Amino acid sequence: MTRLLPHPLLTAALILMWLLLTRFSLGHLVLGSVIAVLAGLALARIEPEAPRIRSWSALFRLVAVVSVDIVRSNWAVARLMLTNGRHGARTSAFVVIPLRLRDPVPLALLAVILTATPGTAWLEHDREAGTLLLHVFDMVDEEEWRVLIRDRYEALLMEAFA
């Protein structure tokens with residue numbers, strides 16, 4: 001069974017997403033299933049080893065933290081947009097953040113987290129230097145962003161996957 005479905009959670013998630021994006025019908029269920037199975041097989045060919053999750057509790061804590069942060073960030077960005085940002089004093093900036101993560105799976109998750117959070121965008125990762133270039137919509141303190149990424153997200157990712 002693992003030869004046909006090497007990544008069953010990915011396959012199930014893709015089928016569900018396909019059905020949510022299209023109108024549910026037997027044809028879409030079959031087409032979505034075929035695409036999901038092929039995507040799982042393709043992923044198995046390019047990523048032969050599945051990521052090892054060391055701590056599910058850390059992963060669940062990360063989901064909770066990110067969910068709260070996304071809601072808070074939505075409010076903050078909306079407020080900045082509606083009020084012209086602290087009376088016109090809003091400044092966007094780029095910040096270089098050193099990362100301890102080296103594994104591609106937690107790095108990809110960090111990229112998703114930072115890009116999904118309104119007001120931030122993952123721009124570039126320098127593998128040799130181990131740094132991330134992040135764009136921040138409303139920069140107040142660069143060091144605060146470094147500490148936030150390191151202590152709030154990276155620490156939980158390292159606990160979950162390292």
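Analyst: Let us begin with strands. Helices (H or I, at least four residues) and strands (E, at least two) are DSSP runs, numbered from the N terminus. Two strands pair if DSSP finds at least two bridges between them. This is a predicted model, in which local features need pLDDT of at least 70 and side-chain atom pairs count only at pLDDT 80 or more, while totals for chains, interfaces and linings use all residues. Residues are numbered from 1 along each chain as its sequence is written, and side-chain values use heavy atoms, with hydrogens and water left out.

User: Which residue of strand 3 is the bridge partner of Asp126?

Analyst: The partner of Asp126 is Thr131. This bridge joins strand 2 (residues 120–126) to strand 3 (residues 131–136). The two strands run antiparallel and are joined by 6 bridges.

User: How many residues lie between strand 2 and strand 3 in the hairpin?

Analyst: There are 4 residues between them, and in the turn Gly130 has a positive phi of about 70°. As a general idea, in a regular strand the side chains alternate between the two faces of the sheet.

User: How should I read a helix, and which residues of helix 5 are buried?

Analyst: One may start with length. Next comes accessibility: buried means under 20% relative accessible area, exposed over 50%, and partly exposed in between (1.4 Å probe, protein chains only). In helix 5 the buried residues are Pro106, Leu107, Leu110, Ala111, Ile113 and Leu114. Seen down the axis, the buried residues of helix 5 fall within an arc of 165° (taken from the directions from the helix axis to the C-beta atoms), so they line one face of the helix. Pro104 and Val112, on the other side of helix 5, are exposed.

User: What covers the buried residues of helix 5?

Analyst: Here one needs the idea of contact, which means heavy atoms within 4.5 Å. The cover includes helix 3, strand 2, strand 3 and helix 6.

User: Where does Thr117 lie, and is Thr117 buried or exposed?

Analyst: Thr117 is in the loop between helix 5 (104–116) and strand 2. Thr117 counts as buried because its relative accessibility is 9%. Leaving aside residues up to four places away in sequence, Thr117 touches Asp69, Ile70 and Ser73.

User: How are aromatic pairs described, and how many are counted?

Analyst: A pair of aromatic rings is described by the distance of the centres and the angle of the planes. Rings of Phe, Tyr and Trp (its six-membered ring) pair if their centres lie within 6.5 Å; planes under 30 degrees apart count as stacked, over 60 as edge-to-face and the rest as tilted. By this rule there is 1 aromatic pair. Trp56 and Phe60 form a tilted pair, at 6.1 Å centre to centre with 35° between the planes. These two residues are 4 residues apart in helix 3 (residues 56–82), so about one helical turn separates them. Trp56 is partly exposed at 49% relative accessible area, whereas Phe60 is exposed at 56%.

User: How many salt bridges are counted?

Analyst: Side chains of opposite charge can pair when their charged atoms come close. A salt bridge is a side-chain nitrogen of Lys or Arg within 4 Å of a carboxyl oxygen of Asp or Glu. The count comes to 7 salt bridges. One of them joins Arg61 to Glu159, with the closest N and O atoms 2.9 Å apart. Arg61 lies in helix 3 and Glu159 in helix 6 (residues 142–161), so the pair ties together parts that are 98 residues apart in sequence.

User: Which residue forms a salt bridge with Arg100?

Analyst: Glu154 does, at 3.6 Å from N to O. Arg100 lies in the loop between strand 1 (93–98) and helix 5, and Glu154 in helix 6, so this pair ties together parts 54 residues apart in sequence. Arg100 is partly exposed at 44% relative accessible area, whereas Glu154 counts as buried at 0%.

User: Which residues are linked in a network of salt bridges?

Analyst: The network links Asp69, Arg72 and Arg152.
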